[in-house]
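User: Got a model here and I'd like to go through some ring contacts and strand pairing. Can you take my questions one at a time?

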Amino acid sequence: MSELLPYKARWQESLAEVVVAFQKKHLEVDEALDQITQKMDDFIELLIEESLKAIPDSSVNSLREDIAILAVGGYGRREMFPYSDVDLLITFDTHGGAFVEKFSSEFVRQCWDSGLKLGQAIRSINDTVSLARDESQVATALMETRLLWGNPELHHRLRARFESWLQKSRRSFLDNCEKSRKKEVDETALAVYSLEPDVKRSPGTLRDLQLIRWAGFARYEVTGIQALADCGGLKPEVAEFLIETQYYLSTIRMNLHVHAGRAQDVLTRQEQLWLTDQEGISDFEGQRAVERYMQQYFRKADFVARTSHRFIELCKPTTFQERVSARVYRRIVDETYIVLNGRLNVVSHNVKEVISSLESILHAFTVAADHKVRISSRLIESIRNHVSDLPREISPEASSQFIALLNRAGTVGTFVRDLYECGILEILIPQFTHARGLLQFNNYHAYTVDEHTFRVIEGLDHLSKESPTKEIFAKVRQPWVLYLAMLLHDLGKGYEQDHSQLGAQIALKTAARLGLKETDAKTIELLVLQHLSMSMLAFRRDTSDPLVVAEFARTVQDAAKLRELYLLTICDIKAVGPGIWNDWKAQLLAELYERTTLSLSGKFDKPNLEQQLKTTKEKALRLYAKSNSNAEDQQRLSEELNAMPVHYLVSASAENMVQDMQIAMRLTDHQLEIVDRYDEDTNTLELTILTRQHGSERCFHRMTGVLTAAHMSILTADIYTSGSGFICDRFLIQDHDSPGRPLPARLEKVRENLAKAVERPISFEQLFQKQRRYRTKSEQNPISNQRPHVSMDNDTSYHATIIDIFAHDRPGLLFTLSKAIYDLDLSISLARITTHVDLVVDVFYVTDLDGHKIKDDYVLTAIASRLEHVIDEFDRHGYRLFIT
């Protein structure tokens, strides 16, 4: 092994020369790739010579005649990135010579021991061509090959056999390439607008540029983008853009490899920040520098993805079956349109007329909708090529056609995407141009603004067909109003102004542009302006409070707008990214929707609160009486209920009240009981800590420490203290260590630690260190430019001051904040934990030690200032106590 080290060191030294020259900008990326390839050729030749020492000298010339060592794949194309795989094919005639196996084994060992990441195959010419028929990856690797060592005649024979097969099997080859590409995208869950794209594999990146070259070789027998333009396969301006994008993406990939010191193709958020800084891009008019950098990336990727898809379609020869099918099954509509295989095309001599005006184009979309098919790729391409010639004014006819398309619930997403792809949507709504490829640089959103918007619309298409939301959707009188609001809801992003307020202004401008009625315009404006309000209220406030619900009811005005806002909110959250929507959020939103519906009908309002409390208590007493007829016990339970705070009585179910009060009746001083209830529907665990132990009413921070250290996420926490000294603290939790119901042993350990925390202070730093769960995630600096802050709300709740704390999520944060609130001599009655873009939002309902709201402005300011100081200290170094 030691004798091989000089070879490994020699290769690393050769590679370093090119890398340094590239870093110093002495080499452009194409020059760097060519030099790395050439140095790899020289190094492979060196390893071949070393491997030949294992073969008798008299047999070397014979071996040279028996085999051909070929560079294939990216190495064959002379596109060797610093840490790319070295793709080699050792091929031979039918049987090979006596020393082929021995040499190949030694050569492969030499490559691996020298630090090369080898992708090798050892096959006969027959086997190679046969395998290429069945596996597109083998076929595409053979598109561009180079002889490194061996018999040139074998190389020529392989090329001739492969190219002969390719010309005879062009259609199956292209179908297999397309299928393989789709599988690659599906398996890696990639999308053009994924916010951490893979510059090699994501749609619209280097793989799609390769796909264009492969399809071009199969169709035109030339390699290279420029060669395709020269032979008429691509328009010169398209080829020019693709060549520029090839250079652009190759530069990014080279930088990723060099910066990471290893094979790195994913453009992570940290790498995006680094590359933005390298490019010297700055913030501009409310858009972060990194967002501007990535918007350029996404626009290029979008063009490449669309071009690749259309080019493949154009390169495919039609099969005999397709030609027969076209004659038998195609339908001619209005002597203008052709409906075939789920697509709408246009009779060739009518294309110019169909794409001549906005009205005729929208009519084509209407015909497609009538026949439940999509616009063909060829027609979309024709529209896109002509879209710059169309007038920018919107006629009443065009407006009516667009609204009619938006009214086709269930299929709107499909047509909106096609309108966007061909450029028509940006004529109808010019502000969409700004949203194209617009990045939201945070860990919360998984897609660009435009992609997110289309997913919101597709979400409503699904909700319109699924229970229970389809029953709500059925009551929406004008679906197009809701769909249009969804199209507009995020178009205010990427500016300095609040995006909801700016979006509402854009909504009014769009309504005027489309000539909408004032009532419809006002509805769309309200939906856009308030599109975040329902989720913020449901996830951050106590919606069992009738005052909170009544204020929200006044905002939405009527049941029709409430339905639309509810559906918009669901779709908006679902479209943020994978894993954002869950059953707990669905339940909170549904509760707010139902309570607001009641409030709008006058059945859930403050004047009825006393009656509501009376009814709730009576229901609980009747339930208890069914299992216990003892009058004294019933009286005791009634007394315990009367001693409970109002927010307990309006939020707990009758069943939970009975169970809690029974425990309260049997608890004596210093006793503690913990009850767990697991909800399979929401995959949440409810832990209720009940005690009469003195001092436990202010140990919330200790309990949060225990639960967080156990890797349990606290979704909500309700803290109730009765007039009789009974304490009931209820936590709703998601357990990250248990995909289903937590194991009994785990729950018992949590109970044990909770009991200790209630009884006396314990060392939570040691408890967190013992778990050691968060090291990798927590050592990364937050990527958000949003500063943590604290806001005080003294208006929403009549019984408590609400503290909203926005901070970067780190282990130990909730414990640190609740401990700080404890140190400020404040009591927490309710807590909720949610997210706001890239920050976690910890919401605390607090009172002073006498149970009163904090009313002094000076004290409110001092509380906010102290908590902001705590967050700052925690962000700088305090969190390390919990991870090291």
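User: Which ring does the charged end of lysine 300 sit over?
Analyst: This is a predicted model, so local features need pLDDT of at least 70 and side-chain atom pairs 80 or more, while totals for chains, interfaces and linings use all residues. Numbering runs from 1 along each chain as its sequence is written, and side-chain values use heavy atoms, with hydrogens and water left out. A charge counts as over a ring if NZ of Lys or CZ of Arg is within 6 Å of the ring centre and within 35 degrees of the ring normal. Lysine 300's charged end is 5.1 Å from the centre of its ring, which belongs to tyrosine 248.

User: How far is the charged end of arginine 455 from the ring centre of tyrosine 447?
Analyst: Arginine 455 places its charged end over that ring. The distance to the centre is 3.9 Å.

User: What kind of aromatic pair do phenylalanine 103 and tryptophan 149 form?
Analyst: Rings of Phe, Tyr and Trp (its six-membered ring) pair with centres within 6.5 Å; planes under 30 degrees apart are stacked, over 60 edge-to-face, the rest tilted. Here the centres are 5.9 Å apart with 25° between the planes, so by those cut-offs the pair is stacked.

User: Which residue in strand 10 is the bridge partner of glutamate 673?
Analyst: Strands are DSSP E runs of at least two residues, numbered from the N terminus, and two of them pair if DSSP finds at least two bridges. Strand 9 (residues 672-679) and strand 10 (residues 684-691) run antiparallel, joined by 8 bridges. Glutamate 673's partner in strand 10 is leucine 690.

User: How many residues lie between strand 9 and strand 10 in the hairpin?
Analyst: Asparagine 683, in the turn, has a positive phi of about 55°. The number of residues between the two strands is 4.
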